[in-house]
Amino acid sequence: MVSRSFLGSVLGVFDDIQRAGRANATYHELSMMSDDELARRGLNRGDVMRVALRSGFGDL
């Protein structure tokens with residue numbers, strides 16, 4: 001019989017993979033934008049990683 005804590009851990013890993021995928025998609029989308037496009041969103045190139053991580057994982 002599989003313990004609940006093991007199952008919870010496995011589900012947590014899949015949740016983390018999904019969050020990382022969201023962060024990656026956001027990073028890719030923002031990194032492809034020009035500086036002008038980022039500025040229209042109130043961002044600069046240095047904000048891209050922070051915004052991407054926040055989109056996947058929230059405030060760390």
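Contact here means heavy atoms within 4.5 Å. The model is predicted, so local features need pLDDT of at least 70 and side-chain atom pairs count only at pLDDT 80 or more, while totals for chains, interfaces and linings use all residues. Residues are numbered from 1 along each chain as its sequence is written, and side-chain values use heavy atoms, leaving out hydrogens and water.

**Exercise 1.** Find which residues Met33 touches, not counting residues up to four places away in sequence.

*Solution.* Buried means under 20% relative accessible area, exposed over 50%, and partly exposed in between (1.4 Å probe, protein chains only).

**Exercise 2.** Is Met32 buried or exposed?

*Solution.* First locate Met32: the loop between H1 and H2 holds this residue. Then take its relative accessibility, 61%, which means that Met32 counts as exposed.

**Exercise 3.** Work out which helices the buried residues of H1 pack against.

*Solution.* Helices are DSSP runs (H or I, at least four residues), numbered from the N terminus. List the buried residues of H1: Ala23, Thr26 and Leu30. Now look across from them, and you will meet helix H2 (35-40) and helix H3 (48-57).

Methods
Helices (H or I, at least four residues) and strands (E, at least two) are DSSP runs, numbered from the N terminus.
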